[in-house]
Number of protein chains: 2
Amino acid sequence: VSGHVWVNGAFDGRIDPSDRGLALGDGVFDTLVAFGRIPFAGDRHLARLTGQAETIGIPCDPAMVRRGWEAVLARSEAEHVILRTTVTRGVAGRGLWPAASSDPTVIVSATPWARNLLSQPARLVTSSIRRNAASPTSHLKALGYLDNVLAAREAAAAGATDALLLNTDGNVACTAIANVFAVAGDMLLTPPVEDGVLAGIMRGLVLETAAQAGLAATERSLLYDEIRDAEAVFLANSVRFLCPAETLDGHRLGAGRAEVVQALAAAIYVQVREECGVDPRDVA
Amino acid sequence: VSGHVWVNGAFDGRIDPSDRGLALGDGVFDTLVAFGRIPFAGDRHLARLTGQAETIGIPCDPAMVRRGWEAVLARSEAEHVILRTTVTRGVAGRGLWPAASSDPTVIVSATPWARNLLSQPARLVTSSIRRNAASPTSHLKALGYLDNVLAAREAAAAGATDALLLNTDGNVACTAIANVFAVAGDMLLTPPVEDGVLAGIMRGLVLETAAQAGLAATERSLLYDEIRDAEAVFLANSVRFLCPAETLDGHRLGAGRAEVVQALAAAIYVQVREECGVDPRDVA
(Lines give C-alpha, C1' and ligand atoms only; values in the text may rest on other atoms or scores of the structure.)
Protein backbone atom coordinates (compact mmCIF):
# COMPACT_ATOMS: atom_id res chain seq x y z
CA VAL A 1 0.00 0.00 0.00
CA SER A 2 2.60 2.50 1.09
CA GLY A 3 4.35 2.39 -2.29
CA HIS A 4 1.41 4.33 -3.70
CA VAL A 5 1.43 6.95 -0.98
CA TRP A 6 2.90 10.33 -1.80
CA VAL A 7 4.56 12.14 1.11
CA ASN A 8 5.99 15.62 0.57
CA GLY A 9 6.89 15.00 -3.05
CA ALA A 10 8.13 11.42 -2.91
CA PHE A 11 6.68 7.93 -3.02
CA ASP A 12 8.98 6.39 -0.39
CA GLY A 13 5.97 6.98 1.75
CA ARG A 14 6.89 6.38 5.40
CA ILE A 15 6.14 8.79 8.22
CA ASP A 16 8.45 9.96 10.99
CA PRO A 17 6.97 8.79 14.31
CA SER A 18 7.58 12.30 15.70
CA ASP A 19 5.18 13.79 13.16
CA ARG A 20 2.63 15.84 15.08
CA GLY A 21 -0.12 14.36 12.93
CA LEU A 22 0.50 11.02 14.62
CA ALA A 23 1.67 12.25 18.02
CA LEU A 24 -1.13 14.78 18.63
CA GLY A 25 -3.66 14.50 15.80
CA ASP A 26 -2.33 17.92 14.84
CA GLY A 27 -3.61 18.23 11.29
CA VAL A 28 -6.58 18.03 8.94
CA PHE A 29 -7.55 15.83 6.04
CA ASP A 30 -9.84 15.59 3.05
CA THR A 31 -11.46 12.81 1.09
CA LEU A 32 -12.77 13.19 -2.46
CA VAL A 33 -13.46 11.01 -5.45
CA ALA A 34 -11.58 11.42 -8.71
CA PHE A 35 -13.64 10.09 -11.61
CA GLY A 36 -11.59 9.31 -14.71
CA ARG A 37 -8.62 10.65 -12.70
CA ILE A 38 -10.27 14.11 -12.37
CA PRO A 39 -10.99 15.17 -8.77
CA PHE A 40 -14.70 15.98 -8.48
CA ALA A 41 -15.23 19.39 -6.84
CA GLY A 42 -11.45 19.53 -6.46
CA ASP A 43 -11.38 23.30 -6.09
CA ARG A 44 -13.84 23.17 -3.21
CA HIS A 45 -12.02 20.33 -1.47
CA LEU A 46 -8.69 22.10 -1.88
CA ALA A 47 -10.04 25.42 -0.59
CA ARG A 48 -11.58 23.78 2.47
CA LEU A 49 -8.45 21.76 3.24
CA THR A 50 -6.01 24.65 2.95
CA GLY A 51 -8.45 26.98 4.72
CA GLN A 52 -8.83 24.59 7.66
CA ALA A 53 -5.07 24.08 7.83
CA GLU A 54 -4.65 27.85 7.97
CA THR A 55 -7.31 28.08 10.70
CA ILE A 56 -5.12 25.97 12.96
CA GLY A 57 -1.93 27.74 11.93
CA ILE A 58 -0.52 25.23 9.43
CA PRO A 59 0.72 26.86 6.22
CA CYS A 60 -0.40 24.64 3.35
CA ASP A 61 0.48 25.45 -0.25
CA PRO A 62 -2.43 24.48 -2.53
CA ALA A 63 -0.01 23.96 -5.43
CA MET A 64 1.81 21.33 -3.35
CA VAL A 65 -1.44 19.46 -2.72
CA ARG A 66 -2.33 19.58 -6.41
CA ARG A 67 1.10 18.17 -7.27
CA GLY A 68 0.41 15.31 -4.88
CA TRP A 69 -2.98 14.65 -6.44
CA GLU A 70 -1.52 14.65 -9.95
CA ALA A 71 1.36 12.37 -9.00
CA VAL A 72 -0.91 9.86 -7.27
CA LEU A 73 -3.53 9.93 -10.04
CA ALA A 74 -0.85 9.45 -12.71
CA ARG A 75 0.40 6.35 -10.89
CA SER A 76 -3.03 4.91 -10.10
CA GLU A 77 -4.08 1.75 -11.91
CA ALA A 78 -7.73 2.39 -11.10
CA GLU A 79 -9.46 5.11 -13.10
CA HIS A 80 -11.92 6.10 -10.37
CA VAL A 81 -10.35 6.53 -6.96
CA ILE A 82 -10.90 7.92 -3.51
CA LEU A 83 -8.16 10.49 -2.92
CA ARG A 84 -7.26 11.10 0.68
CA THR A 85 -5.13 14.15 1.50
CA THR A 86 -3.64 14.67 4.95
CA VAL A 87 -1.88 17.85 6.10
CA THR A 88 -0.07 17.82 9.44
CA ARG A 89 1.99 20.39 11.32
CA GLY A 90 5.03 18.26 10.55
CA VAL A 91 7.85 16.78 12.60
CA ALA A 92 8.61 18.46 15.90
CA GLY A 93 9.96 17.82 19.36
CA ARG A 94 7.61 16.67 22.10
CA GLY A 95 5.05 18.92 23.78
CA LEU A 96 2.11 20.95 22.56
CA TRP A 97 3.99 24.12 21.68
CA PRO A 98 5.36 23.59 18.22
CA ALA A 99 8.49 25.10 16.84
CA ALA A 100 7.27 27.88 14.57
CA SER A 101 9.56 26.70 11.80
CA SER A 102 8.29 23.16 11.25
CA ASP A 103 7.37 22.33 7.68
CA PRO A 104 3.97 20.70 7.20
CA THR A 105 3.66 17.11 6.06
CA VAL A 106 1.40 16.55 3.05
CA ILE A 107 0.27 12.98 2.37
CA VAL A 108 -1.83 11.85 -0.61
CA SER A 109 -3.08 8.31 -1.19
CA ALA A 110 -5.60 6.67 -3.49
CA THR A 111 -7.84 3.65 -3.13
CA PRO A 112 -10.23 2.40 -5.83
CA TRP A 113 -13.75 3.84 -5.78
CA ALA A 114 -16.53 1.36 -6.48
CA ARG A 115 -20.04 2.02 -7.70
CA ASN A 116 -21.53 0.01 -4.84
CA LEU A 117 -20.51 2.79 -2.45
CA LEU A 118 -23.22 4.97 -4.03
CA SER A 119 -26.48 5.62 -2.23
CA GLN A 120 -26.27 2.68 0.18
CA PRO A 121 -29.31 2.79 2.48
CA ALA A 122 -28.40 3.59 6.08
CA ARG A 123 -29.74 2.14 9.33
CA LEU A 124 -28.93 4.54 12.16
CA VAL A 125 -28.67 4.28 15.91
CA THR A 126 -28.14 7.30 18.13
CA SER A 127 -24.66 7.32 19.64
CA SER A 128 -24.03 7.80 23.36
CA ILE A 129 -21.28 10.21 22.29
CA ARG A 130 -22.10 13.87 21.83
CA ARG A 131 -20.50 16.16 19.28
CA ASN A 132 -18.82 19.15 20.96
CA ALA A 133 -20.53 22.32 19.73
CA ALA A 134 -18.07 24.31 21.89
CA SER A 135 -14.92 23.16 20.09
CA PRO A 136 -13.52 24.52 16.84
CA THR A 137 -12.30 20.99 16.12
CA SER A 138 -15.92 19.93 15.53
CA HIS A 139 -16.01 22.18 12.48
CA LEU A 140 -12.77 20.80 11.11
CA LYS A 141 -11.98 17.58 9.33
CA ALA A 142 -9.32 17.10 11.98
CA LEU A 143 -7.28 13.92 12.31
CA GLY A 144 -8.70 13.16 15.76
CA TYR A 145 -11.58 10.97 14.64
CA LEU A 146 -11.77 8.72 17.69
CA ASP A 147 -15.25 9.88 18.70
CA ASN A 148 -16.44 8.94 15.22
CA VAL A 149 -14.59 5.62 15.33
CA LEU A 150 -16.20 4.78 18.68
CA ALA A 151 -19.63 5.86 17.45
CA ALA A 152 -19.19 3.67 14.36
CA ARG A 153 -18.24 0.75 16.60
CA GLU A 154 -21.33 1.32 18.74
CA ALA A 155 -23.45 1.30 15.59
CA ALA A 156 -21.87 -1.90 14.29
CA ALA A 157 -22.39 -3.59 17.65
CA ALA A 158 -26.08 -2.65 17.44
CA GLY A 159 -26.42 -4.03 13.91
CA ALA A 160 -26.69 -0.57 12.38
CA THR A 161 -24.68 0.88 9.50
CA ASP A 162 -23.91 4.31 10.98
CA ALA A 163 -24.41 6.35 14.16
CA LEU A 164 -26.39 9.57 14.59
CA LEU A 165 -24.54 12.02 16.81
CA LEU A 166 -26.37 14.68 18.76
CA ASN A 167 -24.36 17.66 19.94
CA THR A 168 -23.65 18.82 23.49
CA ASP A 169 -26.79 20.99 23.36
CA GLY A 170 -28.90 17.95 22.48
CA ASN A 171 -29.55 18.90 18.86
CA VAL A 172 -28.81 16.75 15.83
CA ALA A 173 -25.27 17.17 14.48
CA CYS A 174 -24.26 14.51 11.93
CA THR A 175 -23.47 10.81 11.63
CA ALA A 176 -20.07 9.21 12.15
CA ILE A 177 -19.30 9.63 8.43
CA ALA A 178 -21.86 12.00 6.91
CA ASN A 179 -23.95 15.14 7.14
CA VAL A 180 -27.68 14.71 7.78
CA PHE A 181 -30.61 16.16 5.81
CA ALA A 182 -34.36 16.01 6.46
CA VAL A 183 -37.16 16.73 3.99
CA ALA A 184 -40.23 18.40 5.48
CA GLY A 185 -42.72 19.62 2.88
CA ASP A 186 -40.78 21.79 0.45
CA MET A 187 -38.04 22.39 3.00
CA LEU A 188 -34.68 20.70 3.02
CA LEU A 189 -33.26 21.01 6.52
CA THR A 190 -29.74 20.44 7.84
CA PRO A 191 -27.96 21.60 11.02
CA PRO A 192 -25.75 24.68 10.76
CA VAL A 193 -21.98 24.33 11.11
CA GLU A 194 -22.22 26.09 14.50
CA ASP A 195 -24.00 23.01 15.88
CA GLY A 196 -20.68 21.13 15.82
CA VAL A 197 -20.90 20.05 12.20
CA LEU A 198 -18.28 19.69 9.50
CA ALA A 199 -18.98 21.80 6.42
CA GLY A 200 -18.98 18.75 4.15
CA ILE A 201 -18.34 19.40 0.47
CA MET A 202 -21.26 17.14 -0.50
CA ARG A 203 -23.37 19.00 2.09
CA GLY A 204 -22.52 22.27 0.33
CA LEU A 205 -23.39 20.84 -3.09
CA VAL A 206 -26.72 19.55 -1.75
CA LEU A 207 -27.58 22.96 -0.30
CA GLU A 208 -26.75 24.67 -3.61
CA THR A 209 -28.55 22.11 -5.76
CA ALA A 210 -31.71 21.73 -3.66
CA ALA A 211 -33.66 24.36 -5.60
CA GLN A 212 -33.25 22.30 -8.80
CA ALA A 213 -35.27 19.57 -7.07
CA GLY A 214 -37.88 22.06 -5.86
CA LEU A 215 -36.62 22.18 -2.29
CA ALA A 216 -35.88 25.27 -0.18
CA ALA A 217 -32.61 24.57 1.63
CA THR A 218 -32.44 25.81 5.22
CA GLU A 219 -29.66 25.50 7.79
CA ARG A 220 -31.08 25.46 11.29
CA SER A 221 -30.79 23.46 14.49
CA LEU A 222 -32.71 20.18 14.27
CA LEU A 223 -34.34 18.21 17.04
CA TYR A 224 -34.11 14.43 17.17
CA ASP A 225 -37.90 14.24 16.73
CA GLU A 226 -37.67 16.24 13.50
CA ILE A 227 -35.39 13.58 12.04
CA ARG A 228 -37.57 10.77 13.34
CA ASP A 229 -40.74 12.34 11.93
CA ALA A 230 -39.40 13.76 8.64
CA GLU A 231 -40.89 12.72 5.31
CA ALA A 232 -37.43 11.62 4.22
CA VAL A 233 -33.96 11.60 5.76
CA PHE A 234 -30.73 11.20 3.84
CA LEU A 235 -27.01 11.38 4.47
CA ALA A 236 -24.47 13.27 2.36
CA ASN A 237 -20.84 12.21 2.00
CA SER A 238 -18.32 12.96 -0.75
CA VAL A 239 -17.56 9.28 -1.37
CA ARG A 240 -21.09 7.88 -1.01
CA PHE A 241 -23.06 10.85 -2.31
CA LEU A 242 -26.70 10.82 -1.06
CA CYS A 243 -27.76 7.81 1.00
CA PRO A 244 -31.34 7.32 2.21
CA ALA A 245 -31.66 6.70 5.95
CA GLU A 246 -34.18 3.90 6.47
CA THR A 247 -34.28 3.44 10.22
CA LEU A 248 -33.29 5.35 13.35
CA ASP A 249 -33.07 3.46 16.65
CA GLY A 250 -35.29 0.77 15.18
CA HIS A 251 -37.95 3.28 14.08
CA ARG A 252 -38.73 3.23 10.35
CA LEU A 253 -37.99 6.68 8.91
CA GLY A 254 -40.23 8.46 6.42
CA ALA A 255 -40.16 6.87 2.98
CA GLY A 256 -41.97 9.71 1.26
CA ARG A 257 -40.49 12.14 -1.27
CA ALA A 258 -38.11 9.49 -2.59
CA GLU A 259 -38.47 11.00 -6.06
CA VAL A 260 -37.33 14.40 -4.79
CA VAL A 261 -34.24 12.95 -3.13
CA GLN A 262 -33.49 10.97 -6.29
CA ALA A 263 -33.87 14.13 -8.39
CA LEU A 264 -31.44 15.92 -6.12
CA ALA A 265 -28.91 13.08 -6.34
CA ALA A 266 -29.33 12.97 -10.12
CA ALA A 267 -28.64 16.70 -10.37
CA ILE A 268 -25.36 16.14 -8.54
CA TYR A 269 -24.41 13.20 -10.77
CA VAL A 270 -24.88 15.56 -13.72
CA GLN A 271 -22.37 17.92 -12.11
CA VAL A 272 -19.89 15.04 -11.87
CA ARG A 273 -20.43 14.20 -15.54
CA GLU A 274 -19.95 17.83 -16.56
CA GLU A 275 -16.77 18.18 -14.52
CA CYS A 276 -15.18 14.73 -14.90
CA GLY A 277 -16.84 13.30 -18.03
CA VAL A 278 -18.17 10.32 -16.08
CA ASP A 279 -21.55 9.66 -14.49
CA PRO A 280 -20.90 7.83 -11.20
CA ARG A 281 -23.90 5.57 -11.91
CA ASP A 282 -22.23 4.35 -15.11
CA VAL A 283 -19.00 3.22 -13.47
CA ALA A 284 -18.61 -0.53 -13.99
CA VAL B 1 15.51 11.38 16.11
CA SER B 2 13.73 8.44 14.50
CA GLY B 3 16.76 6.18 15.02
CA HIS B 4 15.92 6.16 18.72
CA VAL B 5 12.26 5.36 18.22
CA TRP B 6 11.16 1.79 18.83
CA VAL B 7 8.25 0.63 16.67
CA ASN B 8 6.86 -2.88 17.20
CA GLY B 9 10.15 -4.36 18.25
CA ALA B 10 12.57 -2.58 15.92
CA PHE B 11 14.45 0.69 15.77
CA ASP B 12 13.97 1.31 12.03
CA GLY B 13 11.28 3.56 13.34
CA ARG B 14 9.14 4.77 10.44
CA ILE B 15 5.34 4.63 10.36
CA ASP B 16 3.12 3.42 7.55
CA PRO B 17 0.99 6.39 6.42
CA SER B 18 -2.07 4.10 6.50
CA ASP B 19 -1.66 3.60 10.24
CA ARG B 20 -4.96 4.47 11.88
CA GLY B 21 -3.10 6.39 14.56
CA LEU B 22 -2.16 8.95 11.94
CA ALA B 23 -5.20 8.66 9.67
CA LEU B 24 -7.88 8.84 12.38
CA GLY B 25 -6.18 9.54 15.71
CA ASP B 26 -7.25 5.99 16.51
CA GLY B 27 -5.08 5.25 19.51
CA VAL B 28 -3.91 6.32 22.95
CA PHE B 29 -0.61 7.36 24.45
CA ASP B 30 1.23 7.83 27.70
CA THR B 31 4.04 10.02 28.95
CA LEU B 32 6.15 9.24 32.01
CA VAL B 33 9.58 10.06 33.34
CA ALA B 34 12.23 7.39 33.88
CA PHE B 35 14.73 8.49 36.51
CA GLY B 36 18.00 6.61 36.36
CA ARG B 37 16.40 4.59 33.54
CA ILE B 38 13.63 3.35 35.87
CA PRO B 39 10.10 4.39 34.87
CA PHE B 40 8.50 6.23 37.79
CA ALA B 41 5.05 4.81 38.55
CA GLY B 42 5.58 2.53 35.56
CA ASP B 43 2.99 0.00 36.72
CA ARG B 44 0.31 2.69 36.94
CA HIS B 45 1.19 4.19 33.57
CA LEU B 46 1.20 0.77 31.95
CA ALA B 47 -2.13 -0.23 33.50
CA ARG B 48 -3.79 2.99 32.37
CA LEU B 49 -2.37 2.76 28.86
CA THR B 50 -3.36 -0.85 28.26
CA GLY B 51 -6.71 -0.30 29.99
CA GLN B 52 -7.52 2.68 27.79
CA ALA B 53 -6.44 0.79 24.67
CA GLU B 54 -8.77 -2.03 25.68
CA THR B 55 -11.59 0.48 26.29
CA ILE B 56 -11.47 1.44 22.63
CA GLY B 57 -11.01 -2.15 21.45
CA ILE B 58 -7.27 -2.21 20.82
CA PRO B 59 -5.57 -5.31 22.25
CA CYS B 60 -2.32 -4.15 23.82
CA ASP B 61 0.11 -6.60 25.43
CA PRO B 62 1.72 -4.99 28.50
CA ALA B 63 4.81 -7.19 28.07
CA MET B 64 5.28 -5.72 24.59
CA VAL B 65 5.18 -2.18 25.99
CA ARG B 66 7.68 -3.12 28.72
CA ARG B 67 10.00 -4.58 26.07
CA GLY B 68 9.79 -1.26 24.23
CA TRP B 69 10.56 0.70 27.37
CA GLU B 70 13.54 -1.51 28.19
CA ALA B 71 14.93 -1.35 24.68
CA VAL B 72 14.64 2.45 24.50
CA LEU B 73 16.05 2.97 28.00
CA ALA B 74 18.99 0.65 27.27
CA ARG B 75 19.83 2.70 24.19
CA SER B 76 19.31 6.12 25.78
CA GLU B 77 22.37 8.27 26.38
CA ALA B 78 20.49 10.39 28.91
CA GLU B 79 19.90 8.83 32.31
CA HIS B 80 16.66 10.68 33.05
CA VAL B 81 14.22 10.66 30.16
CA ILE B 82 10.63 11.34 29.22
CA LEU B 83 9.26 8.09 27.80
CA ARG B 84 6.40 8.46 25.39
CA THR B 85 4.41 5.35 24.47
CA THR B 86 1.86 5.36 21.67
CA VAL B 87 -0.53 2.50 20.90
CA THR B 88 -2.60 2.67 17.71
CA ARG B 89 -5.11 0.30 16.12
CA GLY B 90 -2.49 -0.37 13.43
CA VAL B 91 -2.44 -0.34 9.67
CA ALA B 92 -5.77 -0.72 7.92
CA GLY B 93 -7.66 0.17 4.78
CA ARG B 94 -9.56 3.43 4.62
CA GLY B 95 -12.82 4.08 6.45
CA LEU B 96 -13.86 4.03 10.09
CA TRP B 97 -14.71 0.34 10.32
CA PRO B 98 -11.44 -1.46 10.96
CA ALA B 99 -10.60 -4.97 9.94
CA ALA B 100 -10.89 -6.96 13.13
CA SER B 101 -7.53 -8.59 12.51
CA SER B 102 -5.27 -5.54 12.45
CA ASP B 103 -2.29 -5.70 14.77
CA PRO B 104 -1.74 -2.68 16.98
CA THR B 105 1.26 -0.42 16.50
CA VAL B 106 3.33 0.24 19.63
CA ILE B 107 5.77 3.15 19.52
CA VAL B 108 8.20 4.13 22.30
CA SER B 109 10.51 7.12 22.23
CA ALA B 110 12.66 8.95 24.76
CA THR B 111 13.72 12.56 25.13
CA PRO B 112 15.92 13.89 27.94
CA TRP B 113 14.17 15.07 31.07
CA ALA B 114 15.58 18.23 32.63
CA ARG B 115 15.24 19.47 36.17
CA ASN B 116 13.99 22.87 34.98
CA LEU B 117 10.71 21.21 33.94
CA LEU B 118 9.90 20.78 37.65
CA SER B 119 7.39 23.02 39.38
CA GLN B 120 7.44 25.80 36.81
CA PRO B 121 4.92 28.47 37.89
CA ALA B 122 1.94 28.70 35.52
CA ARG B 123 0.06 31.74 34.22
CA LEU B 124 -3.35 30.64 32.95
CA VAL B 125 -5.95 32.07 30.63
CA THR B 126 -9.35 30.47 30.14
CA SER B 127 -9.66 28.88 26.72
CA SER B 128 -12.60 29.55 24.40
CA ILE B 129 -12.62 25.78 23.80
CA ARG B 130 -14.72 23.57 26.04
CA ARG B 131 -13.83 20.05 27.07
CA ASN B 132 -16.54 17.57 26.01
CA ALA B 133 -17.97 15.97 29.15
CA ALA B 134 -20.23 13.86 26.87
CA SER B 135 -17.44 12.06 25.04
CA PRO B 136 -15.49 9.04 26.28
CA THR B 137 -12.49 10.47 24.44
CA SER B 138 -12.25 13.22 27.08
CA HIS B 139 -11.36 10.58 29.66
CA LEU B 140 -8.72 9.03 27.45
CA LYS B 141 -5.20 10.10 26.62
CA ALA B 142 -6.26 9.80 23.00
CA LEU B 143 -4.08 10.87 20.10
CA GLY B 144 -6.54 13.57 19.00
CA TYR B 145 -5.03 16.45 20.96
CA LEU B 146 -5.98 19.27 18.61
CA ASP B 147 -8.30 20.98 21.12
CA ASN B 148 -5.38 21.05 23.56
CA VAL B 149 -2.97 22.27 20.86
CA LEU B 150 -5.35 25.09 19.93
CA ALA B 151 -5.91 25.99 23.59
CA ALA B 152 -2.14 26.08 24.12
CA ARG B 153 -1.80 28.36 21.10
CA GLU B 154 -4.50 30.67 22.48
CA ALA B 155 -2.63 30.80 25.78
CA ALA B 156 0.71 31.56 24.11
CA ALA B 157 -0.92 34.33 22.03
CA ALA B 158 -2.22 35.84 25.29
CA GLY B 159 1.21 35.70 26.93
CA ALA B 160 0.16 32.88 29.26
CA THR B 161 1.92 29.57 29.85
CA ASP B 162 -1.13 27.28 29.75
CA ALA B 163 -4.89 27.35 29.15
CA LEU B 164 -7.66 26.48 31.61
CA LEU B 165 -10.40 24.48 29.92
CA LEU B 166 -13.94 24.50 31.22
CA ASN B 167 -16.19 21.62 30.18
CA THR B 168 -19.39 21.72 28.15
CA ASP B 169 -21.38 22.09 31.39
CA GLY B 170 -19.35 25.18 32.33
CA ASN B 171 -17.37 23.55 35.13
CA VAL B 172 -13.59 23.45 35.43
CA ALA B 173 -11.99 20.48 33.65
CA CYS B 174 -8.20 20.76 33.30
CA THR B 175 -5.51 22.71 31.49
CA ALA B 176 -4.10 21.93 28.06
CA ILE B 177 -1.39 19.78 29.65
CA ALA B 178 -2.31 19.15 33.29
CA ASN B 179 -4.91 18.36 35.92
CA VAL B 180 -6.01 21.18 38.22
CA PHE B 181 -6.13 21.24 42.01
CA ALA B 182 -7.42 23.89 44.42
CA VAL B 183 -6.69 24.18 48.14
CA ALA B 184 -9.56 25.49 50.27
CA GLY B 185 -8.95 25.21 54.00
CA ASP B 186 -8.01 21.60 54.67
CA MET B 187 -9.66 20.45 51.46
CA LEU B 188 -7.81 19.55 48.29
CA LEU B 189 -10.29 19.76 45.42
CA THR B 190 -10.08 18.48 41.84
CA PRO B 191 -12.76 17.77 39.22
CA PRO B 192 -13.93 14.17 38.84
CA VAL B 193 -13.08 12.23 35.69
CA GLU B 194 -16.77 12.43 34.68
CA ASP B 195 -16.34 16.17 34.11
CA GLY B 196 -14.35 15.42 30.95
CA VAL B 197 -11.02 14.94 32.68
CA LEU B 198 -8.14 12.56 32.06
CA ALA B 199 -7.28 10.38 35.05
CA GLY B 200 -3.71 11.65 35.14
CA ILE B 201 -1.18 9.44 36.92
CA MET B 202 0.24 12.44 38.81
CA ARG B 203 -3.36 13.42 39.66
CA GLY B 204 -3.86 9.97 41.21
CA LEU B 205 -0.61 10.22 43.18
CA VAL B 206 -1.60 13.66 44.49
CA LEU B 207 -5.01 12.38 45.61
CA GLU B 208 -3.37 9.43 47.43
CA THR B 209 -0.61 11.51 49.00
CA ALA B 210 -2.72 14.51 50.09
CA ALA B 211 -3.34 13.15 53.60
CA GLN B 212 0.42 13.13 54.27
CA ALA B 213 0.33 16.91 53.81
CA GLY B 214 -2.74 17.25 56.05
CA LEU B 215 -5.20 17.72 53.18
CA ALA B 216 -8.50 15.92 52.62
CA ALA B 217 -8.65 15.07 48.93
CA THR B 218 -12.06 15.42 47.31
CA GLU B 219 -13.15 14.91 43.71
CA ARG B 220 -16.10 17.12 42.86
CA SER B 221 -17.19 19.54 40.14
CA LEU B 222 -15.46 22.89 40.48
CA LEU B 223 -16.71 26.31 39.48
CA TYR B 224 -14.43 28.82 37.82
CA ASP B 225 -14.88 31.12 40.83
CA GLU B 226 -13.65 28.39 43.17
CA ILE B 227 -10.37 28.29 41.28
CA ARG B 228 -10.14 32.07 41.16
CA ASP B 229 -10.81 32.41 44.89
CA ALA B 230 -8.87 29.37 46.18
CA GLU B 231 -6.09 29.75 48.74
CA ALA B 232 -3.78 27.98 46.32
CA VAL B 233 -4.08 26.44 42.87
CA PHE B 234 -1.63 24.02 41.34
CA LEU B 235 -1.33 21.84 38.27
CA ALA B 236 -0.30 18.18 38.21
CA ASN B 237 1.49 16.54 35.29
CA SER B 238 3.68 13.44 35.15
CA VAL B 239 6.61 15.29 33.56
CA ARG B 240 6.36 18.57 35.50
CA PHE B 241 5.03 17.23 38.81
CA LEU B 242 3.24 19.97 40.83
CA CYS B 243 3.30 23.48 39.39
CA PRO B 244 1.84 26.47 41.24
CA ALA B 245 -0.66 28.50 39.20
CA GLU B 246 0.07 32.18 39.78
CA THR B 247 -2.50 33.97 37.63
CA LEU B 248 -5.80 33.21 35.89
CA ASP B 249 -7.06 35.61 33.25
CA GLY B 250 -4.81 38.29 34.70
CA HIS B 251 -6.16 37.78 38.22
CA ARG B 252 -3.52 36.89 40.82
CA LEU B 253 -4.38 33.52 42.35
CA GLY B 254 -4.14 32.73 46.06
CA ALA B 255 -0.56 32.50 47.29
CA GLY B 256 -1.46 31.00 50.65
CA ARG B 257 -0.69 27.47 51.81
CA ALA B 258 2.52 27.36 49.77
CA GLU B 259 4.10 25.20 52.49
CA VAL B 260 1.31 22.62 52.19
CA VAL B 261 1.70 22.37 48.42
CA GLN B 262 5.45 22.08 48.84
CA ALA B 263 5.01 19.34 51.46
CA LEU B 264 2.78 17.45 49.03
CA ALA B 265 5.30 17.80 46.20
CA ALA B 266 8.11 16.71 48.55
CA ALA B 267 6.17 13.59 49.55
CA ILE B 268 5.90 12.66 45.87
CA TYR B 269 9.62 13.28 45.29
CA VAL B 270 10.25 10.84 48.13
CA GLN B 271 8.21 8.25 46.25
CA VAL B 272 10.38 8.80 43.20
CA ARG B 273 13.51 8.35 45.28
CA GLU B 274 12.15 5.15 46.82
CA GLU B 275 11.17 3.73 43.45
CA CYS B 276 13.97 5.00 41.19
CA GLY B 277 16.79 5.83 43.60
CA VAL B 278 16.85 9.44 42.42
CA ASP B 279 15.27 12.58 43.86
CA PRO B 280 14.08 14.67 40.90
CA ARG B 281 15.29 17.81 42.68
CA ASP B 282 18.84 16.44 42.73
CA VAL B 283 19.07 15.86 38.99
CA ALA B 284 21.88 18.01 37.59
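1. Ala156(B) lies in helix 4 (residues 146–157) of chain B. Helices are DSSP runs of H or I with at least four residues, strands are runs of E with at least two, and both are numbered from the N terminus. Is Ala156(B) buried or partly exposed? Its relative accessibility is 40%, so Ala156(B) counts as partly exposed. The cut-offs are under 20% relative accessible area for buried, over 50% for exposed, and in between for partly exposed (1.4 Å probe, protein chains only). Ala156(B) and Leu124(B) are 32 residues apart in sequence, and their C-alpha atoms are 9.8 Å apart in space.

2. A word on the basis. This is a predicted model, in which local features need pLDDT of at least 70, side-chain atom pairs count only at pLDDT 80 or more, and totals for chains, interfaces and linings use all residues. Residues are numbered from 1 along each chain as its sequence is written, chains are lettered from A and ligands numbered from 1 in the order in which they are written, and side-chain values use heavy atoms, with hydrogens and water left out.

3. The two copies come next. Chain B superposes on chain A by a rotation of 180° with 0.0 Å of shift along the axis, at an RMSD of 0.0 Å. The copies are thus related as by a two-fold rotation axis.

4. Helix 5 of chain A deserves attention. Eight of its nine residues are buried, so helix 5 of chain A is largely enclosed by the rest of the structure. Which residues of helix 5 of chain A are buried? They are Ile201(A), Met202(A), Arg203(A), Gly204(A), Leu205(A), Val206(A), Leu207(A) and Thr209(A).

5. Helix 2 (residues 42–55) of chain A packs on helix 5 (residues 201–209) of chain A: their axes come within 10 Å and cross at roughly 125°. Axes are lines fitted to C-alpha atoms, for helices over the stretch in contact, and angles run from 0 to 180 degrees between N-to-C directions. This pair is therefore oblique. Angles under 35 degrees count as roughly parallel, over 145 as roughly antiparallel, 65 to 115 as roughly perpendicular and the rest as oblique. Arg44(A), His45(A) and Arg48(A) of helix 2 make the contact with Ile201(A), Leu205(A) and Glu208(A) of helix 5. Contact means heavy atoms within 4.5 Å. An α-helix has 3.6 residues a turn, so residues three or four places apart point the same way.

6. Now the pair in chain B. Helix 2 (residues 42–55) of chain B and helix 5 of chain B pack at about 125°, with axes 10 Å apart. That makes helix 2 of chain B oblique to helix 5 of chain B. Their crossing is right-handed. Arg44(B), His45(B) and Arg48(B) of helix 2 meet Ile201(B), Leu205(B) and Glu208(B) of helix 5.

7. Helix 5 (residues 201–209) of chain B also packs with helix 7 (residues 258–276) of chain B, at about 110° and with axes 10 Å apart. That makes helix 5 of chain B roughly perpendicular to helix 7 of chain B. This crossing is right-handed. Helix 5 contributes Met202(B), Leu205(B), Val206(B) and Thr209(B), while helix 7 contributes Leu264(B), Ala267(B), Ile268(B) and Gln271(B).

8. Ala210(A) lies in the loop between helix 5 and strand 11 (216–219) of chain A. At 0% relative accessibility, Ala210(A) is buried. Beyond four places in sequence, Ala210(A) contacts Leu188(A), Leu215(A), Ala217(A) and Leu264(A). Met187(A) is 23 residues from Ala210(A) in sequence and 9.2 Å away, C-alpha to C-alpha.

9. Asn179(A) is in strand 9 (residues 179–184) of chain A. Asn179(A) counts as buried, at 6% relative accessibility. Its side chain reaches the backbone oxygen of Leu198(A) at 3.1 Å.

10. Val28(A) belongs to strand 2 (residues 27–35) of chain A. Val28(A) is buried, with 0% relative accessible area. Among the residues Val28(A) touches are Leu49(A), Ile56(A), Val87(A) and Leu143(A). Thr85(A) is 57 residues from Val28(A) in sequence and 8.5 Å away in space, C-alpha to C-alpha.

Technical notes
Polar contact = N/O pair within 3.5 Å; in protein donor to acceptor, adjacent residues only side chain to side chain. Least-squares fit on C-alpha atoms with pLDDT ≥ 70 in both. Left-handed = near helix turned anticlockwise from the far one by under 90°.
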